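Please look over the model shown below, with attention to the ligand and its surroundings.

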Amino acid sequence: MHHFTYKNGVLHAEDVSLTNIANEVGTPFYCYSSATLERHYTVFEQSLSELDHLICYALKANSNQAVIKTLSKLGAGMDVVSEGEMHRALKAGVSPKKICFAGVGKTKAEMTAALNANILSFNIESEPELHALSQVASALGKTAHIAIRINPDVDAKTHAKISTGKAENKFGIAYEQARQIYATAAKLDGIDPHGIHMHIGSQITDLSPFKNAFKLLRELILALRDDGHNITHADLGGGLGIPYEETEQSPPHPQKYAQIIKDTLGDLRLTFIFEPGRLITGNAGILVSKVLYLKQGSAKDFLIVDAAMNDLIRPTLYEAYHQIIPVNEQANDTPKRTMDVVGPVCETGDFLAENRELAQLAPDDLIAVLSAGAYGAVQAGTYNSRLLVPEVMVKGKDFAVIRPRPTYEDLINQDQLPTWL
Ligand code: LLP
């Protein structure tokens, strides 16, 4: 459920007309709804109420300070994957005691920064990384609380580029090697291996991969406890999918997800950490764009709009479907035509939708690309020297620009000329 609805024939974010925002901010822009962010967080949190838990929002999905702060005010911790993300979380006022640091390639500089910030936990992805962290922590006279990420070799049945729990993926330690690496970790200086971590992929819409993975995790936790390790927390990652298409069956409700955790791991006296990203922000954001031209090709029709692949890369990178609706509501019987919705970037891969049935639209009409709150603005770039799209947050009747559109001067001034030119 989200708060982007038509009121008097115009699409609104909560109580604000998107036409009004477009008039003030210009197009394209991302728009987030605070009420939707809060609702998604709260629904997830309430579903987990019977489990001892901490939600560490995966801020890679949307790392704007306003988004982080909205969630941290509700009690959220943060899952970060770089020093930059850690600084974003700290700057927004998140307690370091609610920050987990994940990622396959943490540098020693990043480990130092995170240890000095006294974060909650590191999720360790390889044996060499474990040794590096031990060296850094010992040198600083600190203890790193860690969880080791297990790769259960489970097929999450999602897009290949966002599946992370199969043996051929770069993530985690093979299930069979887990006991040996915990034995190593227990002997290392500066390391306290009291947790276990797993994240099998993203946009998962079927609960069975989670169930299979959690069953394996259960066996492993019991074996590790038999080996003498005091495993007190299990970080179950993120990955729960969201509805992108109006017609598709809704992905499982968080309550069903919570139920399988209770069934598989509920009796193990664990504190659980969850790292949802898309579930919280995905349907809390849209990308608003303006129609530039309608072009009738010899084989296809194209709706050329002012947003492009550099603003929202998901359609071309993951063949992702994003619903597109007009900002001015159209009658149900308005004639439709099938078009590719494309941007101005000089690549055939620059599309927001292919072969999409849309009502008639004319130049200057506004469209909204839905479900763009996660992995939208954060994956944007300036290819073709296009400016990063501004971000706007709505709360009730108010809206605020939470990242302004840069100027061309800002863009070009990032370059520096060498002395010989
Ligand atoms: N935890 C870890 C260790 C992760 O790698 C990820 C996502 C998450 C949590 C959050 O997963 P979520 O709840 O959002 O599914 N750019 C892609 C998605 C990449 C996901 C990367 N890892 C997309 O646009 O679909």
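**Ligand site and domains**

By class, the shell around the ligand consists of 5 nonpolar, 7 polar and 6 charged residues, where Ala, Val, Leu, Ile, Met, Phe, Trp, Tyr, Cys and Pro count as nonpolar, Asp, Glu, Lys and Arg as charged, and the others, Gly among them, as polar. The model is predicted, so that local features need pLDDT of at least 70 and side-chain atom pairs count only at pLDDT 80 or more, while totals for chains, interfaces and linings use all residues. Residues are numbered from 1 along each chain as its sequence is written, and side-chain values use heavy atoms, with hydrogens and water left out.

**Ligand surroundings**

- Of the 18 residues around the ligand (a heavy atom within 4 Å), S202, E275, R314, Y318 and Y375 come nearest.
- Polar contacts are pairs of N or O atoms within 3.5 Å, and a nitrogen atom of the ligand is 2.6 Å from a side-chain N or O atom of E275.
- A polar side-chain atom of Y318 lies 2.8 Å from a ligand nitrogen, and for the D79 side chain the distance from an N or O atom to a ligand nitrogen is 3.5 Å.
- The protein buries 92% of the 590 Å² that the ligand exposes when taken alone, by the Shrake-Rupley method with a 1.4 Å probe.

**Domains**

- An automatic or database assignment gives domain 1 (4-32 + 282-412) and domain 2 (103-274), and the ligand shell draws at least three residues from each.
- The domain centres, taken over C-alpha atoms, are separated by 36 Å.
- In contact (heavy atoms within 4.5 Å) are 11 residues of domain 1 and 9 residues of domain 2.

Definitions and conventions:
Polar contact = N/O pair within 3.5 Å; in protein donor to acceptor, adjacent residues only side chain to side chain.
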